[in-house]
Amino acid sequence: MSHFSVQITEKGPILWAYVGVSAHRHKALRDAGQPVPNHRVANILVDTGATSTCIDQSVINQLSIQPTGVGFINTPSSGDTPHMVNVYDISMTITGADGTSPHKISTLRVNESNLHASGIDGLLGRDVLSRCHMTYEGYGSQMYLTFF
């Protein structure tokens with residue numbers, strides 16, 4: 001099990017994660033003798049309103065990966081009309097402030113988003129949150145996550 005205490009800031013509960021190529025892509029590149037892009041450190045907002053995890057396009061571009069498909073998402077600005085986004089397979093390692101007990105996801109399908117202007121690199125959606133127990137302690141400005 002991995003346990004995390006996340007400080008709730010003015011932007012909400014932000015955690016740090018390492019984002020990299022998926023396990024399959026990593027193996028394919030290594031087997032072909034190609035360089036594997038280094039993982040990127042990303043600040044991710046825990047978002048119970050997001051169905052799926054989203055990563056900012058600037059982070060995805062640094063990984064030099066191609067989309068694995070397209071998806072349709074609704075946002076507050078799109079209303080009832082979903083808009084099409086690229087979908088990517090990545091890996092994600094969530095770490096605590098002290099770097100201990102990381103939670104590793106070897107392959108995760110994510111939607112490409114434009115979040116950088118909001119000061120975040122991604123949204124951790126219910127696709128990942130469904131794998132954990134979460135406690136939101138508003139009066140103490142802390143969120144606790146336990147992944148099984």
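I14 is in contact with V6, Q7, T9, N43, I44, L45 and I120, leaving aside its neighbours within four places in sequence. The model behind this briefing is predicted. I14 sits in strand β2, which covers residues 12-21.

**I14 and D121**

- I14 has a relative accessible area of 16%. That value is under 20%, so I14 counts as buried.
- D121 belongs to the loop between β7 and β8, the latter being residues 122-124.
- Between I14 and D121 lie 107 residues of chain, yet their C-alpha atoms are separated by 10 Å.
- D121 is also buried, and it has no salt bridge.
- The nearest side chain of opposite charge to D121 is K11, 9.3 Å away.
- What does D121 touch, leaving aside its neighbours within four places in sequence? Its contacts are V41, A42, N43, I44, C54, I55, D56, V59, L115 and H116.
- N43 and I44 are among the contacts of I14, and N43 and I44 are also among those of D121.

**The largest pocket**

- Two strands, β6 (83-95) and β7 (103-113), each supply at least two residues of the lining.
- Which element gives the most to this lining? It is β7, with three residues.
- By class, the lining has ten polar, eight nonpolar and two charged residues.

**The second largest pocket**

- Five of the lining residues are polar, two are nonpolar and two are charged.
- S64 has a positive phi, and D89 pairs with R109 in a salt bridge.

**Salt bridges**

- D31 pairs with K27, and the closest N and O atoms are 2.5 Å apart.
- Where do D31 and K27 lie? Both are in helix α1, four residues apart, which is about one turn of the helix.
- K27 has 44% relative accessibility, so K27 counts as partly exposed.
- R109 pairs with D89, and here the closest N and O atoms are 3.6 Å apart.
- R109 is in strand β7 and D89 in strand β6, so this pair ties together parts that are 20 residues apart in sequence.
- R109 is partly exposed at 47% relative accessibility.
- D89 is partly exposed as well, with a relative accessible area of 21%.

**Backbone points**

- Most residues other than glycine have a negative phi.
- S64 is not a glycine, yet its phi is positive, about 55°.
- S64 lies in the loop between α2 (57-62) and β5 (69-73).
- Is S64 buried or exposed? At 55% relative accessibility, S64 counts as exposed.
- S141 is not a glycine either, and its phi is positive, about 55°.
- S141 is placed in the loop between β9 (132-137) and β10 (142-147).
- S141 has a relative accessible area of 28%, so S141 is partly exposed.

- G49 is in the loop between β3 (40-46) and β4 (54-56).
- G49 has 59% relative accessibility. That is over 50%, so G49 counts as exposed.

How values were computed
Residues numbered from 1 in each chain as written. Predicted model: local features only at pLDDT ≥ 70, side-chain atom pairs only at ≥ 80, totals over all residues. Heavy atoms only, no water. Nonpolar A, V, L, I, M, F, W, Y, C, P; charged D, E, K, R; others polar. Buried < 20%, exposed > 50% of the residue type's maximum accessible area, 1.4 Å probe, protein only. Lys, Arg positive; Asp, Glu negative; His and termini not counted. Salt bridge = Lys/Arg side-chain N within 4 Å of Asp/Glu carboxyl O. Contact = heavy atoms within 4.5 Å.
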